[in-house]
Amino acid sequence: MAVAVAISLFFLVVVSPPVEAVTCSPLQLSPCLAAFTSDTPPSSTCCQRLKEQRPCLCGYLKNPSLRQYVNSPASRKIASSCGVPFPTC
């Protein structure tokens, strides 16, 4: 469960901000779990969620419980595969 939350947080940091208000929730990134834990490429759902959560990523990076997951090589790889720039906070 903690890994799913961490993965969700990572994707939130990497996604571009949508026009509408976003509810920050690392659990929204659960479709990215397979890509985070294996060599499986991220799904279209994963990339979509990551883009939706992008406005939240800096907040996740500032959270000591989530930072290690959001700032991991796997998270950066997923963000790159989804075409989401990694945030500079």
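## The link of C24 and C56

The link of C24 and C56 is left-handed, with -85° about the S-S bond. C24 is located in the loop between α1 (2–14) and α2 (33–37), and C56 in the loop between α3 (44–53) and α4, so this pair ties together parts that are 32 residues apart in sequence. The S to S distance of this disulfide is 1.9 Å, where a disulfide denotes a pair of cysteine sulfur atoms within 2.5 Å. Helices (H or I, at least four residues) and strands (E, at least two) are DSSP runs, numbered from the N terminus.

C24 is partly exposed, at a relative accessible area of 45%, whereas C56 is buried, at 2%. Buried means under 20% relative accessible area, exposed over 50%, and partly exposed in between (1.4 Å probe, protein chains only).

## Basis of the values

The model is predicted: local features need pLDDT of at least 70, side-chain atom pairs count only at pLDDT 80 or more, and totals for chains, interfaces and linings use all residues. Residues are numbered from 1 along each chain as its sequence is written, and side-chain values use heavy atoms, with hydrogens and water left out.

## Further disulfides

The structure holds four disulfides. With bonded cysteines counted along the chain, their pattern is 1-5, 2-3, 4-7, 6-8.

C32 and C46 are joined with an S to S distance of 2.0 Å. The torsion about their S-S bond is about 110°, so this disulfide is right-handed. C32 lies in the loop between α1 and α2 and C46 in helix α3, so the pair ties together parts that are 14 residues apart in sequence. Both C32 and C46 are buried.

## Helix α4 and the segment after α6

The sulfur atoms of C58 and C89 are 1.9 Å apart and form a disulfide; this link is left-handed, with -90° about the S-S bond. Because C58 lies in helix α4 and C89 in the segment after α6, the pair ties together parts that are 31 residues apart in sequence. C58 is partly exposed at 23%, while C89 is exposed at 59%.

Helix α4 (residues 57–62) also contains K62, which is exposed at 60% relative accessibility. The C-alpha atoms of K62 and C89 are separated by 8.9 Å, the two residues being 27 residues apart along the chain.

## Helix α6

Within helix α6 (residues 73–81), S75, I78 and A79 are buried. Seen down the axis of α6, its buried residues fall within an arc of 100°, so they line one face of the helix; the arc is that of the directions from the helix axis to the C-beta atoms. The face turned away from this buried side carries the exposed residues P73, K77 and S80. Just after α6, G83 adopts a positive phi of about 75°.
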